[in-house]
Amino acid sequence: MLGVLYIGFCILCGYMICSCFFPKLSELTKLSGEGRRVILLPEYFAKLPAWYLLGTLFVSWLVYFMAYLFQNFDKPLFYGNLVAVLVLMPVLVFFFIKRFSGKGIWKNGLPQGYKKEASASLRRFFGSGINVYWLYTIAAFAFIASLMFLTFRVSDGNLNVGFSVFSDFAPHLGMIRSFSVSNNFPTQYAHFAGEGVRYHFMFQFMVGNLEYLGMRIDYAFNLPSIFGMLSVYLLLFVLAVKLTKSRLCGALTALLFTFRSSFTVFRYMAEQPKGTVFQALRDNTEFLSYTQNENWGLWNLNVYCNQRHLAFSLAILLLAVLLFFPYVSAMGETLLKEKNRLKQLKLLFFTKTAFGVKDIRLAVGMGFVLGGIAFWNGSVLVAALAMLFFMAAVSEYRLDYLISALIALALALFQSAFFVDGVAVSPAFYFGFLAQNKTVFGVLLFIAELTGIVLLTSFAGACLLKGTRRYFLFVSFVPFVLAFMLSLTPDIVVNHKWIMLSLMFVSIFSAYLITWLWYRRDWLVRLLALFLVVLLTATGIYDYTIVLKRNRNYLSYALDDPVTEWIAENATCDDMFLTPYYSLNNIVLGGAMLYYGWPYYAWSAGYDTFARAEQVKKMYEAGSVAELSALIEQNNIRYIIVDRDCRTSSEYVVREDIIEAAYETVFEYGTEDWATRIFDTTKKLKTDR
């Protein structure tokens with residue numbers, strides 16, 4: 001119940017923040033159509049996502065820093081939540097009293113005519129009756145919820161984690177449990193404890209806080225994931241309609257965003273023996289792959305199932321683009337009215353409006369919002385700043401952009417200095433992304449193989465638009481170019497988020513081409529439009545069937561597992577565990593801080609995994625109590641775990657006899673080789689052997 005109240009509290013705070021900094025949110029849904037036609041979208045398409053996103057962002061950060069101040073207390077999150085509520089509740093009460101007192105609600109009851117005004121406001125907010133917008137929202141919600149609960153759910157006392165997501169969920173669940181059942185302040189990376197946290201973790205903190213407040217872990221993880229993804233669908237619809245002035249284009253954009261374009265499924269079908277195509281498609285249970293790592297599900301809906309934090313930040317990026325888009329649109333209309341090229345240049349760069357400040361509240365507010373997502377998803381922050389830079393190039397009031405960017409950068413740098421030991425990112429030129437042939441031709445071939453016809457159709461769709469609306473296609477490609485030119489971490493694969501982000505925006509223009517063809521009202525042209533829909537979505541739809549197939553199977557973990565419960569009850573985040581190379585298991589779910597978990601996670605975040613791998617080998621293979629004790633003290637290890645994974649490791653030969661001679665066994669579960677034993681290094685048995 002407290003978790004539900006927390007989400008509601010975040011939404012109320014988001015309402016207050018938007019009223020103060022972004023009071024023109026409702027204007028995002030008042031769109032002019034072709035000619036004199038006016039398109040009125042329900043206001044909740046923009047307002048509900050904004051209230052949820054900004055309120056959750058702000059409240060979560062406040063709770064985190066309050067809990068950080070109480071890190072030496074037994075339950076930091078208790079005090080973090082308590083102080084946050086005590087600080088914000090009076091502000092909320094004052095805000096609502098001030099907002100509505102002018103209408104006589106508090107003192108004199110409902111003023112005359114207020115009921116009529118309230119009814120009109122509700123119609124603007126929700127729309128009239130059951131309409132296509134509600135159907136769109138309900139369909140999107142149901143689709144997203146089915147995916148989230150398919151891949152992560154609790155049933156009969158067991159936590160079931162789908163086959164397509166369990167690997168990525170290992171560090172995520174480790175971080176979540178480090179907050180909900182432990183006290184990860186100052187924050188460390190759960191799979192590489194003892195150093196600052198380099199990986200964006202605030203979404204996991206928010207989920208951990210919800211679980212701490214009593215929400216069952218699947219609801220705590222799934223509900224924010226659903227709300228974040230639904231926010232993307234709503235805001236993407238608004239942006240598509242704003243760009244193209246077509247509601248059909250908004251719906252088609254959502255379809256193309258959901259189901260990716262690629263030649264993959266067509267190539268697979270062409271390779272099958274004659275007469276066996278449909279059987280092969282039916283029997284296959286793996287993601288089809290013709291480009292590197294495509295078999296991971298790197299480009300389809302599976303990404304949003306296992307990278308739950310991504311949608312939240314994507315929705316904030318969409319909100320930022322929407323709020324600044326009127327600046328671009330106004331400049332576009334001004335330029336279209338002027339035919340003289342020199343005068344257009346003057347209007348673009350040499351007027352007061354070109355470099356002035358229009359809305360300081362929006363500029364400052366968006367700066368804090370963008371800066372706030374640095375440790376929710378840093379890749380999206382980089383993409384947002386790059387896209388807004390190129391939007392500013394053809395926009396009015398560029399100082400608004402500059403103010404936002406400077407605040408965002410300052411906040412990001414502060415967070416990096418606060419959380420990270422060393423350098424957070426190491427930017428380097430890296431051409432070609434995952435293309436095996438890293439020549440210009442090889443990269444173009446890779447892009448064609450990966451994206452199918454979506455880029456061609458997007459260019460065609462952009463040609464049908466005018467002015468700065470057409471220019472937005474160029475803005476959409478900025479993260480795409482970054483992915484093929486820049487590396488921020490040792491793992492170039494993480495750049496795939498930039499490509500998916502770009503393709504989300506690019507899909508608007510492909511959808512517009514289909515919309516334009518459909519409205520030609522010629523049945524042959526409409527058949528062409530339907531044919532394009534099939535070409536653009538076939539691979540994505542097939543990927544979706546594989547997501548369903550793969551997650552019929554899952555890894556199951558008992559929530560009352562004795563190992564999990566012992567760690568949760570006895571260990572803190574100051575206690576580092578020496579373990580085998582764990583991915584996801586009951587020890588991770590106990591909130592244990594691993595000295596060296598599965599190395600890929602830490603390596604991809606920029607940690608020095610090779611040095612620790614060597615230390616793990618030395619500690620497990622130590623030939624004497626004295627040698628082991630020295631290594632344990634050097635690496636600050638509190639608990640040593642010896643289990644089947646340890647005993648059968650190919651990386652080292654564990655000297656269990658030395659460990660049990662040196663330290664007391666404080667927990668043991670299971671028998672023989674399957675036994676899990678935990679040794680407490682503060683309880684020494686011998687000093688030499």
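**Ser-395 and its surroundings**

Mentor: Start here: the side chains of Ser-395 and Tyr-401 are joined by a polar contact of 3.0 Å. Keep in mind that this is a predicted model.

Trainee: Where is Ser-395 placed?
Mentor: Ser-395 sits in the loop between H17 and helix H18 (398-419).

Trainee: Is Ser-395 buried or exposed?
Mentor: Buried. Its relative accessible area is 0%, and the cut-off for buried is under 20%.

Trainee: Which residues does Ser-395 touch?
Mentor: Skipping residues up to four places away in sequence, Ser-395 touches Tyr-327, Val-328, Met-331, Ala-354 and Tyr-401.

Trainee: OK, back to helix H17. What span should its 15 residues have?
Mentor: At 1.5 Å a residue, H17 (residues 378-392) should span 21 Å. The C-alpha atoms at its ends are 21 Å apart, which agrees.

Trainee: What caps the N-terminal end of H17?
Mentor: Asn-377 does. One of its side-chain oxygens lies 3.2 Å from the backbone nitrogen of Ser-379.

Trainee: Which residues in H17 are buried?
Mentor: Among them are Ser-379, Val-380, Leu-381, Met-387, Leu-388 and Met-391. Ala-383, Ala-384, Ala-386 and Ala-392 are buried too.

Trainee: What does Phe-472 contact?
Mentor: Two of those H17 residues are on its list: Met-387 and Met-391. Leaving aside neighbours within four places in sequence, Phe-472 also contacts Leu-239, Leu-243, Val-321, Phe-325, Phe-505 and Phe-509.

Trainee: And which residues touch the most other members of the largest nonpolar core?
Mentor: Leu-173, Phe-201, Phe-472, Phe-505, Tyr-620 and Ile-640, out of 244 residues in that core. In soluble globular proteins, nonpolar side chains tend to be buried together.

Trainee: Switching topic. What is the strand order in the open sheet?
Mentor: S3-S4-S9, three strands with antiparallel pairing.

Trainee: Why is one side of S3 and of S9 left without a neighbour in the sheet?
Mentor: Strand S3 (152-155) and strand S9 (554-558) stand at the edges, and each has a single partner strand. The twist averages 25 degrees from one strand to the next.

Trainee: How many bridges pair S3 and S4?
Mentor: S3 and strand S4 (residues 158-162) pair over 4 bridges. Ser-155 stands opposite Asn-158 in S4.

Trainee: Which helix packs on the sheet, touching S3 and S4?
Mentor: Helix H6 (residues 132-151). Its direction makes about 60 degrees with that of S3. Helix H7 (residues 166-180) lies across S3, S4 and S9, and runs at about 130 degrees to S4.

Note on methods
Residues are numbered from 1 along each chain as its sequence is written. This is a predicted model: local features need pLDDT of at least 70, side-chain atom pairs count only at pLDDT 80 or more; totals for chains, interfaces and linings use all residues. Side-chain values use heavy atoms; hydrogens and water are left out. Two strands pair if DSSP finds at least two bridges between them. Helices (H or I, at least four residues) and strands (E, at least two) are DSSP runs, numbered from the N terminus. Axes are lines fitted to C-alpha atoms, for helices over the stretch in contact, and angles run from 0 to 180 degrees between N-to-C directions. Contact means heavy atoms within 4.5 Å. The expected span of a helix is 1.5 Å times one less than its number of residues. Buried means under 20% relative accessible area, exposed over 50%, partly exposed in between (1.4 Å probe, protein chains only). A polar contact is a pair of N or O atoms within 3.5 Å; within protein, one must be able to donate a hydrogen and the other to accept it, and residues adjacent in sequence count only if both atoms are side-chain atoms. A nonpolar core is a set of buried Ala, Val, Leu, Ile, Met, Phe, Trp, Tyr and Cys residues joined through side-chain atoms within 4.5 Å.
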